[in-house]
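Biologist: I have not looked at this structure before. Could you walk me through it, one part at a time?

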Amino acid sequence: MSERFSSPKPVGPFDVDRAVALARETLEIEAAALLGLKARQGEAFARAVQAILECAGRVVVMGMGKSGHVGRKIAATLASTGTPAMFVHPAEASHGDLGMITTHDLVLAISNSGESDELNAILPVLKRLFIPMVAMTGRATSSLARHADVVLDTSVTKEACPLNLAPTASTTAQMALGDALAVALLDARGFREEDFARSHPGGALGRKLLTHVRDVMRGGDAVPRVRTSTSFTAMMREMSSKGLGATAVVDENNHVVGIFTDGDLRRQIEKGRDLRNLTAEDVMTRGPRLVREDALAVEAADVMEEARITSVLVIDESEQLVGALNSNDLMRAKVI
């Protein structure tokens, strides 16, 4: 029976100073690799960006091992910044997944050595299909480089691994160059915050840029409203039943002429007024802050913060009352 594999045991007591020194050395090596990569960018990088911009299909990212892990991240970054992309595993491509790649696509192949067996096995097929290829490789004379239309040099002087074996500085270089491609492409496409939000609807930015007032407001019978002639007692019943802490005061055309809030009630009581015989028009605040239903919810939040209010009334394009919104509604929608 074979021995069970186990991790190598430490050769001695843990050396804190050595660990910190190795961390700093690793960062220095990888920083130097990125500076070297920066100095080499020029015409080839520009041609790669242009080729991707001219691609009518998707960028198909491929790579084995650690380069494959980097490739998955690059594909995800491209897709979220306006460049349709996907990752295809080279080994799976040899067993049917090659059919996922069309003649409208472009292949971004990643291999530090440029001699990955699984990747090299499908290069001739891609070439016969006239599929354009951009290669990220550390060897300009490799098989991958010879098959590629554009070669991006990702070579590094040495790996950060003390044994110079584990991909470390080389994968950092690949990752950074992938980010550089994504940034150059999003800039060339005029990619904006709104476009990014559409790719990230579940994120904080997506909620802020895609959520409109109509999506989170209270509408219909949930909106407290009274006419100017409504008695004070009836107005208070309307406020209490709707639980907003305020009510709109509207005219016969459903246009907002005022608002009455819990704060207004406190101020009227402090004045010592006899409220029983008053109407909504007598106690309302005229010209309240309003927002359009098609405004962004974050804009409504700005209005409320600027005016130091907790509720705001919502109108449509004809300026009729259609909803109401308070800070709790915005918090539930995670807009604020």
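This is a predicted model: local features need pLDDT of at least 70, side-chain atom pairs count only at pLDDT 80 or more; totals for chains, interfaces and linings use all residues.

Biologist: Which strands form the open sheet with parallel pairing, and in what order?

Modeller: Five strands form that open sheet, in the order β2-β1-β3-β4-β5, and the pairing is parallel. The edge strands are β2 and β5, each of which pairs on one side only. On average, neighbouring strands of this sheet are turned by 20° against each other, if direction is ignored.

Biologist: And what does α2 touch when it packs on the sheet?

Modeller: Helix α2 packs on the sheet with contacts to β1, β3, β4 and β5, and its direction makes about 130° with that of β5. Helix α3, for its part, lies across β1, β2, β3 and β4, and runs at about 160° to β2.

Biologist: Let's stay with α3, then. How far apart are its end C-alpha atoms, and what should its residues span?

Modeller: Helix α3 covers residues 65-80, and at 1.5 Å a residue its 16 residues should span 22 Å; the end C-alpha atoms are 23 Å apart, which agrees.

Biologist: Which residues in α3 are buried?

Modeller: The buried ones are Ser67, Gly68, Val70, Gly71, Ile74, Ala75, Thr77, Leu78 and Ser80. As background for reading such a list, an α-helix has 3.6 residues a turn, so residues three or four places apart point the same way.

Biologist: What follows α3?

Modeller: After α3 comes Gly82, whose phi is positive, near 100°. Gly82 sits in the loop between α3 and β2, the strand of residues 85-87. With a relative accessible area of 28%, Gly82 is partly exposed, since partly exposed covers the range between under 20% for buried and over 50% for exposed.

Biologist: What does Gly82 touch, leaving out residues up to four places away in sequence?

Modeller: Gly82 touches Arg189 and Phe191 when those sequence neighbours are not counted. Gly82 and Leu185 are also 8.0 Å apart in space, C-alpha to C-alpha, although 103 residues separate them in sequence.

Biologist: Changing topic: how many salt bridges does a search of the whole structure find?

Modeller: The search finds 13 salt bridges. One of them joins the side chains of Arg40 and Asp153, at 3.1 Å from N to O. Arg40 lies in helix α1 (residues 16-40) and Asp153 in strand β5 (residues 150-153), so this pair ties together parts that are 113 residues apart in sequence.

Biologist: What about Asp105, which residue does it form a salt bridge with?

Modeller: Asp105 forms a salt bridge with Arg58, and the closest N and O atoms are 3.8 Å apart. This pair links distant parts of the chain, 47 residues apart: Asp105 is in the loop between α4 and β3, while Arg58 is in the loop between α2 and β1. Asp105 is buried, with a relative accessible area of 2%, whereas Arg58 is partly exposed, at 31%.

Biologist: Back to strands for a moment. What is the order of the sheet with mixed pairing?

Modeller: That open sheet has four strands in the order β6-β13-β12-β11, with mixed pairing. Its edge strands are β6 (218-219) and β11 (290-292), each pairing on one side only. Strands β6 and β13 (residues 321-326) pair in the antiparallel sense over two bridges, and Arg218 stands opposite Ala324 in β13.

Biologist: Which helix packs on that sheet?

Modeller: Helix α15, residues 297-307, packs on the sheet and touches β11, β12 and β13, and its direction makes about 65° with that of β13.

Terms used
Residues are numbered from 1 along each chain as its sequence is written. Side-chain values use heavy atoms; hydrogens and water are left out. The expected span of a helix is 1.5 Å times one less than its number of residues. Buried means under 20% relative accessible area, exposed over 50%, partly exposed in between (1.4 Å probe, protein chains only). Contact means heavy atoms within 4.5 Å. Two strands pair if DSSP finds at least two bridges between them. Axes are lines fitted to C-alpha atoms, for helices over the stretch in contact, and angles run from 0 to 180 degrees between N-to-C directions. A salt bridge is a side-chain nitrogen of Lys or Arg within 4 Å of a carboxyl oxygen of Asp or Glu.
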